[in-house]
Amino acid sequence: MPSLNQLSCTEIQQGIAVGKFTAEAVTRDCLDRIAEREPTLKAWAAIDRDHALAQARALDRGPNRGALHGVPVGVKDIIDTFDFPTQMGSAIYKNYRTFGDAACVAFVRAAGAVILGKTVTSEFAGMSPGPTTNPHNPAHTPGGSSSGSAAAVADHMVPVAFGTQTGGSILRPASYCGVVGYKPTFNLINRSGIKFAAETLDTVGLIARSVDDVDLVTATLVNRTPSLGKTLPRAPRFGLCRTPLWDTAEPETKHAVEDAAARLAAAGARLSEITLSEEFSRLYHASRETINNYERARSMASDWAAHGELVSKVLGDRVKLGMTTPHADYVAALSLAERCRSLIEPQFDGLDAIVAPCTKGEAIAGLAHTGDPAFQQFWTVLYVPSMSLPTHRGPKGLPVGIQLVAPRYQDEHLFACARWVMGKLG
């Protein structure tokens, strides 16, 4: 049997349920992996070995708590936890503690999860990176802003971790680190207890090593029965959407998308090309440069006024831009987003999901930048559920994912499509 830290959430939950091993043993193996690799990876903002083991021992002494009994979970450090500080990747919030958990943490804790610790985030879930390195090559970025969550999951420190996505902060690090990233339908997972970056875009999601693990945790969060192992009863119908950003993609991303489309078609999927109208070409700029900046400036108004000198230049410049953005420009950007959401719905007619680029390319060299969020942000602002699937490698041997997108509120169907795709490409 592999080390317990290498097991999936479903394997952990099932093994504990039949007495094959204990929650303490699983937690100990995860902590040992962290002790071994954390000096290189730097994925954790807060970890408490004694507290994690105490949680696990308490679970072993008591009755089964639920679907996540004994499963270690990492929590991005903009999400509140009562037993760990929530420091936002910023000196402003050093050692800051809240009195309660965020809603998503409260739900998994109630279902028996062990809250292992807080994972590194970029400053205020923005573009100024934390110290985390890519587990495949420490000279390359793991992406942002859910960098610690993606790296920790990919390196078998924890089987699943929370992330948040305003632009591309779940799917980009998941693609860069070679794991599954899930950005749900907007607001499907309750956002109470997170530090907003942009309130009309921020989405709580998950990073794991399998689609089933994402499904298991999501089911706990939204109060439904998980559909573990459920795939499509027939060959799927996929749309291939290169998006208006296609010309900016690196060769490895173009290869990943086109190779995936060809192999899925050879496996029986029906594929059709999707060409979007001109309005979609303006969507990324409206989302990134107007909505995001305007809302971030307001979310950070108090932090900026009281502690602006502790904010990085890259984030401070965005706050300044947001403060000077005319309200009329913000409303126009929101209106464009609404129009595009209505226009994307008919594109799914007769389709199970859309295959699209996930990142510009493989993880960029260096740790000063977290990569380009364009291909993820394009779908984030449309509010549709999307997943990064680890299907390819780039010229440097680093992971390159593809993106699978479903209609709004069809998250379970997205999981079934993703299982089918991974069965053919994984």
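These legends go through a set of close-up views of the structure.

**About the model.** This is a predicted model, in which local features need pLDDT of at least 70 and side-chain atom pairs count only at pLDDT 80 or more, while totals for chains, interfaces and linings use all residues. Residues are numbered from 1 along each chain as its sequence is written, and side-chain values use heavy atoms, with hydrogens and water left out.

**View 1. The open sheet has 11 strands.** The strand order is E1-E3-E2-E4-E6-E5-E10-E11-E9-E7-E8, and the pairing is mixed. Strands here are DSSP runs of type E with at least two residues, helices are H or I runs of at least four, and both are numbered from the N terminus. Two strands pair if DSSP finds at least two bridges between them. At the edges stand E1 (44-47) and E8 (270-273); each has a single partner strand, so one side of each is left without a neighbour in the sheet. From one strand to the next, the twist averages 30°. Helix H2 (residues 23-41) packs on the sheet, where it touches E1, E2 (72-76) and E3, and its direction makes about 20° with that of E3. Touching, or contact, means heavy atoms within 4.5 Å. Axes are lines fitted to C-alpha atoms, for helices over the stretch in contact, and angles run from 0 to 180 degrees between N-to-C directions.

**View 2. Strand E6 (203-208) sits under cover.** Of its 6 residues, 6 are buried, meaning under 20% relative accessible area, with exposed being over 50% and partly exposed in between (1.4 Å probe, protein chains only). In a regular strand the side chains alternate between the two faces of the sheet. In E6, Thr-203, Gly-205 and Ile-207 point one way, while Val-204, Leu-206 and Ala-208 point the other, and all are buried. E4 is joined to E6 by 6 bridges, running antiparallel, and Gly-163 stands opposite Gly-205. E5 also pairs with E6 in the antiparallel sense, over 3 bridges, with Ile-207 as the bridge partner of Gly-181. Helix H7 lies across E4 (160-165), E5 (180-183), E6 and E10 (386-393), and runs at about 140° to E6.

**View 3. Helix H7 (residues 211-222) also meets helix H4 (residues 103-110).** The two pack at an angle of about 105°, with their axes 9 Å apart. H4 and H7 are therefore roughly perpendicular to each other, a label given to angles of 65 to 115 degrees; under 35 counts as roughly parallel, over 145 as roughly antiparallel and the rest as oblique. Cys-104, Phe-107 and Val-108 of H4 make the contact with Val-217, Thr-220 and Leu-221 of H7. Those residues divide into 5 nonpolar, 1 polar and no charged. For this tally, Ala, Val, Leu, Ile, Met, Phe, Trp, Tyr, Cys and Pro count as nonpolar, Asp, Glu, Lys and Arg as charged, and the others, Gly among them, as polar.

**View 4. Helix H9 (residues 283-299) crosses helix H11 (residues 313-324).** Their axes come within 7 Å and cross at roughly 95°, so H9 and H11 are roughly perpendicular to each other. On the H9 side the contact includes Arg-288, Glu-289 and Tyr-294, and on the H11 side Leu-315, Arg-318 and Met-323 are among the residues. This contact of H9 with H11 divides into 6 nonpolar, 2 polar and 5 charged residues.

**View 5. The largest nonpolar core holds 76 residues.** A nonpolar core is a set of buried Ala, Val, Leu, Ile, Met, Phe, Trp, Tyr and Cys residues joined through side-chain atoms within 4.5 Å. Phe-162, Phe-238, Met-387 and Leu-404 touch the most other members, and helix H14 (residues 411-425) gives the most to this core, with 8 residues. Beyond its neighbours within four places in sequence, Leu-404 is in contact with residues including Phe-238, Met-387, Leu-414 and Val-421. A second, separate core has 30 residues, among them Ala-249, Tyr-330, Ile-354 and Val-384.

View 6. The peptide bond from Gly-144 to Ser-145 is cis, with omega near 0°; Ser-145 is in the loop between E3 (114-119) and helix H5 (147-154). Thr-243, in the loop between E7 (237-240) and helix H8 (251-266), has a positive phi near 70° without being a glycine. Tyr-409 also has a positive phi, about 70°, and is in the loop between E11 (399-405) and H14. Which of them is buried and which exposed? Thr-243 is buried, with a relative accessible area of 11%, whereas Tyr-409 is exposed, at 55%.
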